[in-house]
Amino acid sequence: MSNSKERELEQREKALEERERKLAKREKELGFFSQAVKDKKESWYDRIHVSVKTMDWIIRIVTGLLVIVVILIILEATGIFKL
C-alpha cells in the first residue's frame with residue numbers, strides 16, 4: 001500500500017517538474033515582449049499618481065470601450081446598425 005502511494009507521489013512530482021519546465025520555456029519565449037509590456041505599463045504608472053490596481057481598472061475600462069466602438073463601427077459598416 002505504501003509503495004503504491006510512493007509511486008503515485010513520484011509520478012505527481014515528475015508531472016509537476018515537467019509543467020515547471022514547460023512554463024519556464026514559455027516565459028523565455030515571451031520574455032522580451034512581456035518585459036516590453038511591463039515596462040510600458042510601469043511608465044504609465046509613473047506619470048499618473050494612482051495605485052497599480054486602479055490603473056489596471058482604468059486600462060480594462062478603456063479597452064472595453066474601445067472594443068464596443070470597434071463593434072459599432074463594424075455593425076454600421078455592414079448596415080446592421082444605423083446611427
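Predicted model: local features only at pLDDT ≥ 70, side-chain atom pairs only at ≥ 80, totals over all residues.
Analyst: Local features need pLDDT of at least 70 and side-chain atom pairs count only at pLDDT 80 or more, while totals for chains, interfaces and linings use all residues. Residues are numbered from 1 along each chain as its sequence is written, and side-chain values use heavy atoms, with hydrogens and water left out.

User: Why is the contact between Glu 8 and Arg 12 called a salt bridge?

Analyst: The term requires a side-chain nitrogen of Lys or Arg within 4 Å of a carboxyl oxygen of Asp or Glu. Glu 8 and Arg 12 meet at 2.9 Å, N to O, so the pair qualifies. Both lie in helix H1 (residues 2-29), four residues apart; helices are DSSP runs of H or I, at least four residues, numbered from the N terminus.

User: What makes Arg 12 exposed?

Analyst: Its relative accessible area is 55%, and exposed means over 50%, buried under 20%, partly exposed in between (1.4 Å probe, protein chains only). Glu 8, at 38%, is therefore partly exposed.

User: How do you know that the span of H3 agrees with its number of residues?

Analyst: The expected span is 1.5 Å times one less than the number of residues. For the 27 residues of H3 that gives 39 Å, and the end C-alpha atoms are 39 Å apart, so the two agree. Just after H3, Gly 79 has a positive phi of about 85°.

User: How many salt bridges does a search of the whole structure find?

Analyst: Two. One of them joins Arg 21 and Glu 18 at 2.6 Å, N to O.

How values were computed. Helix = DSSP H or I, 4+ residues; strand = E, 2+ residues; numbered from the N terminus.
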